[in-house]
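Trainee: I would like to learn how to read a sheet and its surroundings from a model. Can we work through one case?

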Amino acid sequence: MISLTDKTCEACRADALLATREEISHYMTQLSGWQIATVDGVDRLEKTFAFKNFAQALAFTNKVGALAEQEKHHPALLTEWGRVTVSWWTHKIAGLHVNDFIMAAKTETVA
């Protein structure tokens with residue numbers, strides 16, 4: 001089985017399929033501490049990372065931003081003193097796609 005971190009995001013079209021319940025269950029077993037949150041009716045993968053201060057939180061935010069640019073898939077990032085909340089979802093399909101799980105796994109590699 002190929003790890004999520006070894007995969008790359010595929011270009012997503014407006015007609016791409018949402019991840020199925022089975023796929024979500026499978027992918028969630030590979031992600032530690034990530035939750036599915038529903039915001040305005042749209043499912044997102046979300047996790048809050050803790051840091052010792054704002055500078056560390058900002059550095060992490062910048063690393064996630066660079067990763068997002070590299071993969072051409074972008075999260076919502078809330079940077080606060082001592083923590084960063086990362087939310088992944090696919091805007092074009094208003095929900096979760098395999099790309100979101102890939103990026104959540106890759107986010108762990110820069111934490």
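The dialogue below goes from the sheet to the helices and then to one histidine.

Mentor: Keep in mind that this is a predicted model.

Trainee: In what order do the strands lie in the sheet, and how are they paired?

Mentor: To read a sheet, list which strand pairs with which. Here four strands make an open sheet, ordered β1-β2-β4-β3, with antiparallel pairing. Strands β1 (35–39) and β3 are at the edges with a single partner strand each, so one side of each has no neighbour in the sheet. On average, neighbouring strands are turned by 30 degrees against each other, direction ignored.

Trainee: How many bridges join β4 to β2, and how many join β4 to β3?

Mentor: Bridges are counted pair by pair. Six join β2 (residues 42–50) to β4, and five join β3 to β4. Both pairs run antiparallel.

Trainee: Which strands do the helices touch?

Mentor: For packing, take the contacts and then the direction. Helix α2 packs on the sheet and touches β2, β3 and β4. The direction of α2 makes about 165 degrees with that of β3. Helix α3 (residues 98–110) also packs on the sheet, touching β2 and β4. Its direction makes about 0 degrees with that of β2.

Trainee: Is H73 buried or exposed, and where is H73 found?

Mentor: For a single residue, take its place in the chain, its accessibility and its contacts. H73 lies in the loop between α2 (54–71) and β3 (76–80). H73 counts as buried because its relative accessibility is 10%, and the cut-off for buried is under 20%.

Trainee: With which residues is H73 in contact?

Mentor: Leaving aside neighbours within four places in sequence, H73 contacts C9, A68, W88, W89, T90, N99, D100 and M103. With D100 there is a polar contact between the two side chains, at 2.7 Å.

Conventions. Residues numbered from 1 in each chain as written. Predicted model: local features only at pLDDT ≥ 70, side-chain atom pairs only at ≥ 80, totals over all residues. Heavy atoms only, no water. Helix = DSSP H or I, 4+ residues; strand = E, 2+ residues; numbered from the N terminus. Buried < 20%, exposed > 50% of the residue type's maximum accessible area, 1.4 Å probe, protein only. Polar contact = N/O pair within 3.5 Å; in protein donor to acceptor, adjacent residues only side chain to side chain. Contact = heavy atoms within 4.5 Å. Pairing = 2+ DSSP bridges. Axes fitted to C-alpha atoms, helices over the stretch in contact; angles between N-to-C directions.
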